[in-house]
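Here are my notes on this one, as a few numbered points. Have a look at the model first, then read on.

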There are 2 protein chains.
Amino acid sequence: MSTRSRRSTEADVVAAQIRASGARATPARIRVLQLLRAAPAALTHHDIEQALGDAMLDRVTLYRVLDWLVESGLAHKNADASRVFRFSLAAPGEHTAHAHFRCDDCGKVYCLDDAPPPPPALPQGFQLARMDVDLRGRCATCAEARA
Amino acid sequence: MSTRSRRSTEADVVAAQIRASGARATPARIRVLQLLRAAPAALTHHDIEQALGDAMLDRVTLYRVLDWLVESGLAHKNADASRVFRFSLAAPGEHTAHAHFRCDDCGKVYCLDDAPPPPPALPQGFQLARMDVDLRGRCATCAEARA
DNA sequence: CAGCACCTGCAACATGGTTGCATGTGCAAC
DNA sequence: GTTGCACATGCAACCATGTTGCAGGTGCTG
């Protein structure tokens, strides 16, 4: 089946990427990395568990896979506004600044990739590695619904 | 004693503010609100417990006081990078944008109040209420230690 | 195909936050 | 000043998220 060979191929690519980072290409890692690659936004541990569905792996294993992803620089880990960690693929260079807009009404989070704000001035000697901008207010939909 | 009357006066002001919001002026609320007013930065639940010292109140009561402060618009609640909530006085307008720098090495957090970055462009119809900027990298001390 | 290092799963734990319920107290009416 | 009631507090138990230790399984290399 074409579906199956497509899947295999993609998994192979991912597996190669994993091995390139000096680790073992295990099903757990392959699946999680594939998921993160396909995700349009940062995922929580819970999101991933859900997405894995029947192919679920142990809670702890998932935490460890995610930690390993972060350690090896393949992913980023962020605490979101409701104090749960979110994981997203590490961008290869360009994605160091990221802006989110969270609607106080509907709770939806929007990614504002197109508007990378300039980093503010830092004190002498500080080295900036990453920047996250967290905006809050009302999104267009909710603002209109309320008008 | 002058200390005592000074204390009373300040507490009175705070109590009045509390009552103005339609709630009871209880010792717990007065103390917490006074603390937040005096704090230069956002405090965690733990910070507040420490600061209260001998005048400590119950964990749960503190949570409820803080929630009430947020509900009544007197304070803001934010999850910081290590996924604990931080509380700060609601600013009357000027303090809506806030920038933090967290050092990946030593974990210390610096407040960059002096450099309020301009808010990025938002999509049509979005209403911005508050903005937090989370910068990461190495602080001057750690950068030097590593050089 | 054998061995070892690394990975996984389970169970127990830690921390931060929340809920239910009985008791206490600020405040206002008298 | 006393009384009453609604609201606030304290306690204990609970929940969710994340972490640690350890025994057993498995990808990789030789």
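Which atoms of DNA strand C lie within 4 Å of the protein: sugar or phosphate, or bases?

1. Both, as it turns out: sugar or phosphate accounts for 56% of those atoms, and bases for the rest. Keep in mind that this is a predicted model, where local features need pLDDT of at least 70, side-chain atom pairs count only at pLDDT 80 or more, and totals for chains, interfaces and linings use all residues. Residues are numbered from 1 along each chain as its sequence is written, chains are lettered from A and ligands numbered from 1 in the order in which they are written, and side-chain values use heavy atoms, with hydrogens and water left out.

2. DNA strand C has 22 residues around it, where near means a heavy atom within 4 Å. Among the closest are Arg24(A), Arg64(A) and Arg59(B). By class, nine are charged, three polar and ten nonpolar; here Ala, Val, Leu, Ile, Met, Phe, Trp, Tyr, Cys and Pro count as nonpolar, Asp, Glu, Lys and Arg as charged, and the others, Gly among them, as polar.

3. Now the individual atom pairs. The side chain of Thr61(A) puts an N or O atom 2.9 Å from a phosphate oxygen of DNA strand C, and a polar side-chain atom of Tyr63(B) is likewise 2.9 Å from a phosphate oxygen. Arg59(B) goes for a base instead: a side-chain N or O atom sits 2.8 Å from a base oxygen.

4. On the two protein chains: a rotation of 178° with 0.1 Å of shift along its axis puts chain B on chain A, at RMSD 0.8 Å (least squares on C-alpha atoms of residues with pLDDT of at least 70 in both). The copies are thus related as by a two-fold rotation axis.

How values were computed. A polar contact is a pair of N or O atoms within 3.5 Å; within protein, one must be able to donate a hydrogen and the other to accept it, and residues adjacent in sequence count only if both atoms are side-chain atoms.
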